[in-house]
Amino acid sequence: MKPSNNIWIRRQQCPCGDWKCYIKYEGNDPTSVSSLHVKSEITSSSSSSEAVFTPYVGQIFKTDDDAFEYYSNFARKNGFSIRKARSTESQNLGIYRRDFVCYRSGFNQPRKKANVEHPRERKSVRCGCDAKLYLTKEIVDGISQWYVSQFSNVHNHELLEDDQVRLLPAYRKIQEADQERILLLSKAGFPVNRIVKVLELEKGVQPGHLPFIEKDIRNFIRTCKKTVQDNDALLNEKRENDMLELLEACKAMTERDPGFVYDYTIDENEKVENIAWSYGHSVRAYTVFGDVVAFDTTYRSITYGLLLGVWFGIDNHGKATFLGCVLLHDESSHSFAWALQAFMRFMRGRYPQTILTDIDSGLRDAIARELPSTKHVICIWHILSKISSWFSLPLGPQYENFKAEFDVLSHLESVEDFEHQWNILAAQYGLVSDKHIGLLYSSRESWSLSYIRGYFLARTLTAEFSLALESFLKRILNAQTCLQVFFEQVSIAANFGNQTREGMQYMNVKTGMPIEEHARNILTPYAFSVLQHEIVLSVQYATTEMGNGSYLVRHYKKLDGECLVIWIPDDEQIHCSCKEFEHSGILCRHSLRVLVVKNYFQLPEKYFLLRWRLESSLDSLADENAQISADDCAESFNTLTASLLTESLVSKERFNYVHRELSSLLEHVRNMPVIEEYAVNMAGNSISDS
């Protein structure tokens, strides 16, 4: 059997560590993003939904196969199955009689026992049932046809209900598409019970409602053992060849993109094991937007046995920007550590402030070792995608209430409130000893808003950012037949994503406040819209001065939810207990209200982060050798030097000081690289290929 397409599925192993525990993802999106489009089941069950009337003597069929299919559909709708019994043949007509009987017709003939000490006794389902349909062939006007010569629908046994009759051997069919899928899953090491669960998830059927059972899969794999071995050999050969082609594609990319970087490892057999890469525009983007990085490890390839990891950032327009990609041979902490090391080498050792991932113990340990100064945050949407698999079955009808309460709990801002409500929630639903509740609680400092509120996340926890990542992954995980095509898909998607930027649309002022007018000229439309929302809401808050520069800010209608804002006038610092600025880089409504009370008409410059400004756009970085225009330089330096000259001529001491410092500064500038901040060209694009 020749392996065809590259099949990507969501990682279904539960992070709790129990291999029997798997994740069923919620939503309409299937768990596999597979080029192997699952064919619609055209089985007897679908045809049986059509009207099938009781056969009758004299009924005409064009062929005996048509008659068998008709009788089989009738049998299924009525709780039994049929089999072909006797056929009669003549020299002139060939086969001219066919006997179709109930599957329980006749009696089991005793077989000659094998010469063994304990012969295996098999119970027979045959009980002498007389239900039957006999066909006879006739020639009419030179055309052969078949008519029903005898029919009986009298059974001497109980007929089965629909949910039982589908389990009869005659109706348990493994379609061709499912056969290929089963063999690939078996090759990947999935046990039969997990193969059943994967297929149920992909087809969207309830457990136990596939058109075949575990026994059929086990028998199929056993029967096709040689096919599996041949397929395994083909897949190994395909993986080795495709990994080499991918490596060559990376080498070729360095000629088209001088900023392209890649790294790889080889195993003891000199085969490519892991490979990671990034593009020049991605490295440039990281210099501005590398403060927060999302590392998505949702998908793995069954065909190649590789885990896909993709690094993303968020730009000043709130868009997801591609930063790098990695393919790993396993999901161990060691492999994750290598991936993080490679990524840091690509980005010249500049660590992100925060990294967002799925919940995974191996990845957690790798981040703790390789990025010790980086805050590790578990994306809440990854957790929400798993709670159905964890709690819907044990909680039953209570699950929807639990889900709603859990969502509220995850957004509590106070650690004390979270801890208190967590204990109540676990006790209320009888989950105190549940392993998944234990897993969530042990990692609460990485996902609960109350714990991560004070860390910078640059609005990467929004639903829009999550959808952007999923959209990117869907673009690259389609019907690639090899890794080289996958690599090209990633290149196209990464380039498209990093070039598609929000236009400089005009943002209307809503309040007429000077701080709003001022901010509009500095921030991107995306960042300004977020700040503008806070400005609009700020007018609904009242302030109470508490002394020592502190203010209590409270909504005019709500008695709870007040925030403490501290104003330090000496260096224009403002701090709010909600920690919105520390979390997103955008000032909150509470701080804005205090600044307005303090008669501020412009926000202090420090509260316009570079990453949210118009000037941080990647457009200026599109060319690696982009330089500040000569006119801008001349204007800036003329103003500065004119002032410096005036001040230095006041005294000889000042003149000597300025001359000495300028000479030193000039020497320092001459020794600086020409494009130090934005250069991404490396002496060797390949770290491993020296």
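1. Two strands are taken to pair if DSSP finds at least two bridges between them, and helices (H or I, at least four residues) and strands (E, at least two) are DSSP runs numbered from the N terminus. On that basis strand β16 (residues 541-547) and strand β17 (residues 550-555) pair in the antiparallel sense over six bridges. Within this pairing Thr-544 stands opposite Leu-552 in β17. The hairpin of β16 and β17 has two residues between the strands, and in it Asn-548 takes a positive phi near 60 degrees.

2. On the basis of the note: this is a predicted model, in which local features need pLDDT of at least 70 and side-chain atom pairs count only at pLDDT 80 or more, whereas totals for chains, interfaces and linings use all residues. Residues are numbered from 1 along each chain as its sequence is written, and side-chain values use heavy atoms, with hydrogens and water left out.

3. An open sheet is formed by five strands in the order β3-β7-β6-β5-β4, and the pairing is antiparallel. Because β3 (60-61) and β4 (82-90) stand at the edges with a single partner strand each, one side of each is left without a neighbour in the sheet. Strand β5 (residues 94-102) and strand β6 (residues 132-140) pair in the antiparallel sense over five bridges, and in this pairing Arg-97 stands opposite Thr-136 in β6.

4. Strand β10 (residues 292-296) deserves a separate point. The strand is mostly covered, five of its five residues being buried, where buried means under 20% relative accessible area, exposed means over 50%, and partly exposed lies in between (1.4 Å probe, protein chains only). In a regular strand the side chains alternate between the two faces of the sheet. In β10, Val-292, Ala-294 and Asp-296 point one way and Val-293 and Phe-295 the other way, and all are buried.

5. The partners of β10 can be described in turn. Three bridges join β10 to strand β14 (residues 354-357), and these two run parallel, with Ala-294 opposite Leu-356 in β14. Three bridges also join β10 to strand β12 (residues 306-314), but here the two run antiparallel, with Asp-296 opposite Val-310 in β12.

6. The structure holds 20 salt bridges, a salt bridge being a side-chain nitrogen of Lys or Arg within 4 Å of a carboxyl oxygen of Asp or Glu. One of them is formed by Asp-216 with Arg-172, whose closest N and O atoms are 2.6 Å apart. This pair links distant parts of the chain, since Asp-216 lies in helix α6 (residues 214-223) and Arg-172 in the loop between α3 and α4 (176-187), 44 residues apart. Asp-216 is buried, with a relative accessible area of 13%, and Arg-172 counts as buried at 16% relative accessibility.

7. The side chains of Lys-132 and Asp-130 meet at 3.7 Å, N to O; Lys-132 counts as buried at 16% relative accessibility, whereas Asp-130 counts as partly exposed at 47%. The side chains of Lys-251 and Glu-248 meet at 3.6 Å, N to O, and both residues lie in helix α7 (residues 225-256), three residues apart, about one turn of the helix. Lys-251 counts as partly exposed at 27% relative accessibility, and Glu-248 is partly exposed with a relative accessible area of 47%. Salt bridges that share partners also join Arg-86, Arg-97 and Asp-99 into one network.

8. For the surface, patches are made of residues with over 30% relative accessible area and no salt bridge, like charges being joined within 9 Å and nonpolar side chains (Val, Leu, Ile, Met, Phe, Trp, Tyr) within 5 Å; accessible areas come from the Shrake-Rupley method with a 1.4 Å probe. Met-546, Leu-564, Ile-566 and Ile-568 make a nonpolar surface patch of about 320 Å². Strand β18 (residues 563-568) gives the most to this patch, with three residues. Ile-568 lies in strand β18 and counts as partly exposed at 32% relative accessibility.

9. Finally, Phe-336 is found in helix α9 (residues 333-346) and is buried, with a relative accessible area of 0%.
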